[in-house]
Amino acid sequence: YQVQGGSSTELQRLEITNAHLVDTIQSLEDQLKNLVDGSDSETFDVLKRRERELRDKLLTAEKDNLHLQLEVDSLNAGVPRLRNRVTELERYVDVLKTELGAGSRRGSASTTGRSGKSVAELERVVAAMKRGVEKLQSENESL
């Protein structure tokens, strides 16, 4: 093998480096053979068992991660639905307030609107609707 344009000292340096690397490779191969063949077989078995345990833990962690990601996606998908529901309930409360106000102006003390329900009943419905809206809003904010 001839190095073009190189000096003989450079070639000698490369040959020495190559010989050193060959010795290092041989030493590492001998160490590996000892691990597999016997004198350090216990260490090798321990390392294999530890590797298997770590792979199992990794698989479990990946499974848990996937499960949690699916749960997050599911919760994120529910947020717009809850917001729409809150909006619907708020509109319903506004309509009930309007009917309640219109019934009061007509001078009817005991009943109001087309429903024929009393003012007290409608006020209870409005209060229940407000509680429902507040509950949905707090759930929505926690998401």
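Buried residues, meaning those under 20% relative accessible area with a 1.4 Å probe and protein chains only, make up 13% of the 143 residues in the protein. The model is predicted, with residues numbered from 1 along each chain as its sequence is written, and local features need pLDDT of at least 70. Side-chain atom pairs count only at pLDDT 80 or more, whereas totals for chains, interfaces and linings use all residues, and side-chain values use heavy atoms, with hydrogens and water left out.

**Overall architecture**

- The secondary structure consists of three helices and zero strands, where helices (H or I, at least four residues) and strands (E, at least two) are DSSP runs numbered from the N terminus.
- Along the sequence the pattern reads α-α-α.
- Of the contacts (heavy atoms within 4.5 Å) between residues at least 6 apart in sequence, 49% join residues at least 24 apart.

**Nonpolar core**

- A nonpolar core is a set of buried Ala, Val, Leu, Ile, Met, Phe, Trp, Tyr and Cys residues joined through side-chain atoms within 4.5 Å.
- The largest such core has nine residues, namely L82, V86, L89, V93, L96, V126, M129, V133 and L136.
- Helices α2 (41-105) and α3 (119-142) each supply at least two residues of this core, and α2 gives the most, with five residues.
- In soluble globular proteins, nonpolar side chains tend to be buried together.

- V86 is placed in helix α2 and counts as buried because its relative accessibility is 7%.
- Apart from neighbours within four places in sequence, V86 is in contact with V133, L136 and Q137.
- The C-alpha atoms of V86 and E134 are separated by 8.5 Å, although these residues stand 48 residues apart along the chain.
- V93, another member of the largest nonpolar core, is in contact with V126, M129 and K130 when its neighbours within four places in sequence are left aside.

**Residue N140**

- N140 lies in helix α3.
- At 15% relative accessibility, N140 is classed as buried.
- Residues up to four places away in sequence not being counted, N140 touches V79, L82 and R83; of these, L82 belongs to the largest nonpolar core.

Key. Buried < 20%, exposed > 50% of the residue type's maximum accessible area, 1.4 Å probe, protein only.
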